[in-house]
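Subject: Structure handover

Hello,

Here is the structure for you to look at. Please open it first, then read my notes below.

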Amino acid sequence: MNRILFSLIAVFFLSAGALRAQIVTGTVTDASGNALVGVTVFVKGTNNGTTTGIEGEYRLDAGNGTLVFRYVGYTTQEIDLQNRTSLDVVLVEDAQSLESVVVVGYGTQKKKELTTAVVLVDEKDIRDRPMVSAAEALQGKAAGVQVVQPSGKPGGDISVRVRGSTSVLAGNEPLYVVDGVPTTDIRGLNPADIATMTVLKDAASAAIYGARAANGVVLITTNRGQENTSTVRFSAYTGFSDLRKTVEVLSTRSYRELIDEIIPGSLDPAATSYTNWSDEVFGIGKNQSYQLAFLGGNDKSRYMISTNYLNNEGIVRPARFDRYSVRFNLDNQAKDWLKVGTSINILRSRTKDTPDNASSGRGGVIMSALNTPPFLRIYKKDGSGQFDPNPFQPSWENPVAYMEGPDQESTDSRLFGNIYAEVALLKGLSLKTNFGADLSSHQWDYYLDPFRTNYGRDQNGIGRADKSNTSTWLWENTAAYTTTFGKNNVSFLAGSSVQKLRWSDSYIQGNDFPADVSVTTLNAANNVVGDTREEEWALASFFGRVTYDWESRYLFTASVRRDGSSKLAHHWGTMPSFSVGWRISAEPFMQGIDFIYDLKLRAGWGKNGNQEGIPNYARYGLVSYYRRAQTNPLSGPASVQVTYGNPDLRWETTAQTNLGFDLTLWDGRATLVVDAYSKKTDDVILNVQLSNSLPITTIQTNAGKIENKGIDISLSTVNLVKKLKWSTDFNISFNRNEVTDLQYTDVYYFGRIYSNNQDVAIVREGLPLGTFFGYVSEGVDPETGDIKYKDVNGNGIFDPGDRTVIGDAQPDFVFGLTNSFSWRRFDFNFFFQGSVGNDIYNATRIDLEGMFDSKNQSVDVLRRWTPNNRYTDIPRAVGGGNTDNVRNSTRFVEDGSYLRLKAVTLSYNFNTARMSRLGISRLSVYTTGQNLVTLTKYSGFDPEVNAYGLSATELGIDYGTYPQARTLTVGMNVEF
């Protein structure tokens with residue numbers, strides 16, 4: 001009996017052990033037999049899962065349940081094991097079958113049913129590419145989107161233009177909507193958290209956002225947890241950067257010879273030392289990032305928690321950017337009829353600035369590195385030594401003083417996110433409420449010591465502090481209904497939105513600090529002044545959309561939004577749109593044409609507004625109050641009107657027509673998307689000139705029209721699918737910008753250059769924004785050594801009437817080309833990006849070739865005009881502050897076209913089968929080079945430049961701008 005009982009117990013435990021230890025292995029491939037890496041494989045109803053390796057292999061202790069195979073872009077499959085221990089699976093491509101879902105305004109649509117111009121940038125375009133700003137991911141990746149990094153300074157702004165510029169004053173950046181919350185600032189968003197970026201390019205797709213969508217809309221969704229998975233991801237990278245190109249300037253000997261021509265006998269014979277100021281200013285930058293994320297969930301709840309630290313130190317001290325961020329995303333199916341969730345992003349950043357875009361005499365570090373006389377020395381720690389010997393004392397100070405003199409830092413804290421609840425009332429009918437918040441604080445502190453710089457000595461030290469707080473609240477409610485009858489599919493959306501922003505700021509400044517330089521608090525300063533400001537605006541909106549399709553063949557979408565803005569006296573405006581589509585490939589007569597996988601024609605029209613750049617109180621005349629005199633505080637406040645109000649001011653409206661087609665060939669091996677558009681912007685806001693006899697000489701009003709026309713083309717191909725895989729993505733964008741009408745004032749001037757005190761940019765009817773205006777240089781007169789300027793107006797004399805159009809900063813086209821290769825465990829991709837046909841006004845050369853004062857000059861002046869060298873392109877040395885030879889002219893206009901190897905990445909994916917005991921399901925290491933090669937004729941540091949930042953009128957001007965750097969980075973990604 002005991003023997004029988006023992007046998008039964010043994011059989012029981014052996015059977016139980018066998019059940020627990022039932023291991024399932026297999027591979028996952030696509031329809032062509034190619035291994036799929038990173039496919040999520042899990043047992044349905046559990047958190048037990050893994051991901052496939054580099055050969056598509058997986059191994060899972062699965063018992064005898066149902067396996068779920070999930071992969072982005074492919075149809076999810078569920079397979080009952082039925083006691084099998086080996087299971088190979090072929091996944092069907094969902095994206096190529098056009099069933100994939102694309103995020104659109106306030107919802108989603110199937111890719112095949114889109115009737116508007118939309119472009120998607122997803123996680124694969126961001127992975128293994130170190131980025132500080134999420135906007136960098138759009139550069140060269142999205143047709144119709146021009147991305148320019150005006151400066152290489154860490155944490156700097158990035159200019160994004162969707163199908164050209166539409167405004168002079170009201171802003172040209174797109175609206176960003178991050179997980180349902182609109183914003184105009186994504187500098188704090190961690191790129192590693194992003195799942196997709198969808199650009200709504202035409203008015204028909206963006207009109208659902210109404211008065212904020214004239215410049216396009218970028219919808220950003222962040223990573224979220226997946227059902228029945230539990231994953232830990234860690235990634236890290238570190239890298240170094242340096243200056244891509246140098247600008248050569250004169251040695252001490254050559255400089256002395258030049259100064260002897262300008263100011264004979266002015267230099268002390270002892271002034272023979274040499275300091276290479278470029279070596280002192282330009283150094284090695286550093287960057288590093290560490291990301292830890294937890295993702296997972298079950299059939300009821302899904303979560304994602306990520307933390308990140310990023311540090312970017314520039315190639316010119318003290319510029320650096322540090323960011324700490326935490327993100328928490330949660331989606332919970334509380335009831336069968338109720339879904340709730342949240343997306344919260346908390347971040348803090350610190351920024352140190354390096355002054356640039358300024359002359360050497362006004363604190364510009366880059367210009368100072370080029371212009372500072374080479375015999376000057378770096379000051380000692382007590383501030384002495386830099387003027388010995390120096391015949392120009394105290395007019396010169398070195399660039400290191402500009403770098404190290406100011407002690408300054410900006411600190412920004414931000415909480416950004418939303419909570420939502422969605423109720424399913426009936427079949428196809430749902431209600432959703434979304435509450436969003438964007439709370440931020442900004443603190444800037446500045447102290448300039450009293451000994452390193454002229455300005456600091458004159459002021460006996462100066463301190464400044466600025467503090468601001470911004471709060472934005474959003475409440476949106478939508479109702480959506482979807483139904484099908486026969487072959488007809490209809491969906492309706494109706495909603496309302498209320499958003500309010502409040503901003504407050506306090507600024508204080510003081511000088512005359514104590515002799516003890518360790519005392520930097522503003523409480524110790526004399527002559528303290530300051531001001532406070534507070535502003536707010538609100539936007540109320542109602543919107544709706546209807547979509548219809550018949551058998552996914554004939555498509556129609558229409559939307560309308562009515563916005564009311566507190567900024568305007570006439571609050572309300574209506575923005576309608578419609579679009580249609582015809583999937584020709586779904587017609588019966590196309591069934592025999594096998595090589596055409598999908599063919600769709602699209603057409604749309606819509607109208608959007610632009611309220612972003614309108615002053616919050618534009619309809620009112622603003623008054624500034626101040627104390628009459630510090631010596632007589634009892635005299636009471638005084639006031640002065642600073643603007644005229646305009647009760648008739650309207651927001652700018654842009655009407656856009658779009659025609660396009662989507663063509664997919666050979667079962668998805670090639671996809672071509674072409675769009676042609678026309679954007680016409682009315683009521684462009686300008687500062688119209690009034691009489692000079694008035695106390696205020698301009699008023700802001702609607703006084704112009706701007707038009708953009710262009711073509712966007714993108715082509716994606718899968719070239720090889722065997723052991724060596726190769727795919728290519730190419731896009732190119734053509735845009736023509738023109739100011740078609742100006743009222744009241746015929747011409748507007750922008751872009752004043754400090755050294756010659758002349759404006760170089762012009763806004764005039766018939767010209768594009770970013771047009772350069774000046775004289776036509778005819779070279780050096782061999783008799784006088786001066787520049788000859790063309791007599792354009794033919795009156796026989798040289799006068800301002802000879803100025804004309806001398807250049808255009810708008811490119812003929814911009815493009816991007818990405819090639820991706822995969823072989824065994826190696827991945828390799830390179831990304832080229834470029835711009836063709838744009839001019840750059842190189843104002844840096846004015847100070848480097850002018851020879852009108854004691855600045856050091858570039859080596860180009862070695863071929864300057866002299867009585868013994870009459871035939872040359874460089875005029876004579878003049879001195880005395882004479883700037884006749886450096887007037888704004890064609891002499892300083894250069895071809896800004898470039899082709900850049902923006903990024904090249906080599907990665908290796910380890911075989912994690914041997915690492916399963918450590919819990920590692922995926923491990924890869926990579927190295928990335930950025931900006932390694934730039935082909936250009938431009939003579940400056942870098943052709944991707946704009947001294948005026950995000951300006952739409954002052955484009956392509958280089959004046960001592962912080963240059964882009966070459967960067968080499970190594971990193972790793974590991975998944976548990």
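Tyrosine 841 is buried, because its relative accessibility is 0% and buried means under 20%. Keep in mind that this is a predicted model. Phenylalanine 892 also has 0% relative accessibility, so it counts as buried too.

These two residues form an aromatic pair. A pair of aromatic rings is described by the distance of the centres and the angle of the planes.

Another one of them joins tyrosine 309 and tyrosine 324. Here the distance is 5.0 Å centre to centre, with 35° between the planes. This pair is tilted. Tyrosine 309 belongs to strand β19 (residues 301-313), and tyrosine 324 to strand β20 (residues 320-335). So this pair ties together parts that are 15 residues apart in sequence.

Trp726, Phe821, Phe828, Phe830 and Phe832 are linked into a cluster by ring pairs.

Charges also sit over rings. Lysine 141 lies over the face of phenylalanine 831, 4.4 Å from the ring centre. Arginine 824 has its charged end over the ring of tryptophan 823, at 5.8 Å from the centre.

Now for a sheet. Four strands make up an open sheet, in the order β3-β2-β5-β6. Their pairing is antiparallel. Which strands stand at the edges? They are β3 (49-51) and β6 (77-80). Each has a single partner strand, so one side of each is left without a neighbour in the sheet. From one strand to the next, the twist averages 20°.

Look next at β2 (residues 40-43) and β5 (residues 66-70). They run antiparallel and are joined by four bridges. Threonine 40, for instance, has arginine 70 in β5 as its bridge partner.

Best wishes

Definitions and conventions. Residues numbered from 1 in each chain as written. Predicted model: local features only at pLDDT ≥ 70, side-chain atom pairs only at ≥ 80, totals over all residues. Heavy atoms only, no water. Pairing = 2+ DSSP bridges. Helix = DSSP H or I, 4+ residues; strand = E, 2+ residues; numbered from the N terminus. Axes fitted to C-alpha atoms, helices over the stretch in contact; angles between N-to-C directions. Phe/Tyr/Trp six-rings, centres within 6.5 Å; stacked < 30°, edge-to-face > 60°. Buried < 20%, exposed > 50% of the residue type's maximum accessible area, 1.4 Å probe, protein only. Lys NZ or Arg CZ within 6 Å of the ring centre and 35° of its normal.
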